[in-house]
Amino acid sequence: MKSTPKWIFRFLNWWAGKGGFVLFFVALFSIVFVLLFGNYPQWEYQNKLKILNSYFSNDIANIQLSYFTETENNYKLSFIYSDGAELSYEKRRQNKPEIAQVYKTKLLDKVCLSEEFTDRLHWGQMIEVDVKDGDWPSGVSQLFNMRIEYDRCHT
């Protein structure tokens, strides 16, 4: 068997003395890098959510975009409707059909007037709008949902 080369002993000797500093600076650089550039997709999503929320809530009162998702053929917009009503399990929303009728029309108009959404519809993507009751005390109370395809905006 050959003997171990001298450079290995020199490296191990150097590592024993300075290796902790190297690991410390690598960890410090990694933390700074993540803080500066780390979660870019989440920042991009939050910025897009803010833009979409301002687009919809400028003209439509009592509604807020809570999230959106995109898959290959589906773009889902999920809204929360809240008008400050005090609801409970015994006291349900009486005007649910009227709210659904008014907000379906308003949201459909906003989607059909947006260039981004009409481009998505033109290329075959379907836009799904989901509106939940934000005044409901617990769980999920669906007000309405609708699916928008290209023909629905351009008829």
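## Overall fold

The protein chain has 5 helices and 4 strands, with helices (H or I, at least four residues) and strands (E, at least two) taken as DSSP runs and numbered from the N terminus. Starting at that end, the order of elements is α-α-β-β-α-α-β-β-α.

This is a predicted model, in which local features need pLDDT of at least 70, side-chain atom pairs count only at pLDDT 80 or more, and totals for chains, interfaces and linings use all residues. Residues are numbered from 1 along each chain as its sequence is written, and side-chain values use heavy atoms, leaving out hydrogens and water.

## Dimensions

The radius of gyration of the protein chain, taken over C-alpha atoms, is 27 Å, while a compact globule of 155 residues would have one near 15 Å. That rule is 2.2 Å times the number of residues to the power 0.38. Along the principal axes, the C-alpha atoms fill a box of roughly 85 × 45 × 30 Å.

## The nonpolar core

The largest nonpolar core holds 28 residues; such a core is a set of buried Ala, Val, Leu, Ile, Met, Phe, Trp, Tyr and Cys residues joined through side-chain atoms within 4.5 Å. Buried means under 20% relative accessible area (1.4 Å probe, protein chains only). Leu77, Phe79, Leu107, Ile127, Val129, Val131 and Ile148 touch the most other members. Among the elements giving two or more residues are α2 (40-59), β2 (74-81) and β3 (126-133), and α3 gives the largest share, 7 residues.

Take a look at Phe79: leaving aside residues up to four places away in sequence, its contacts (heavy atoms within 4.5 Å) include Phe56, Ile63, Leu107 and Val129.

Key
Buried means under 20% relative accessible area, exposed over 50%, partly exposed in between (1.4 Å probe, protein chains only).
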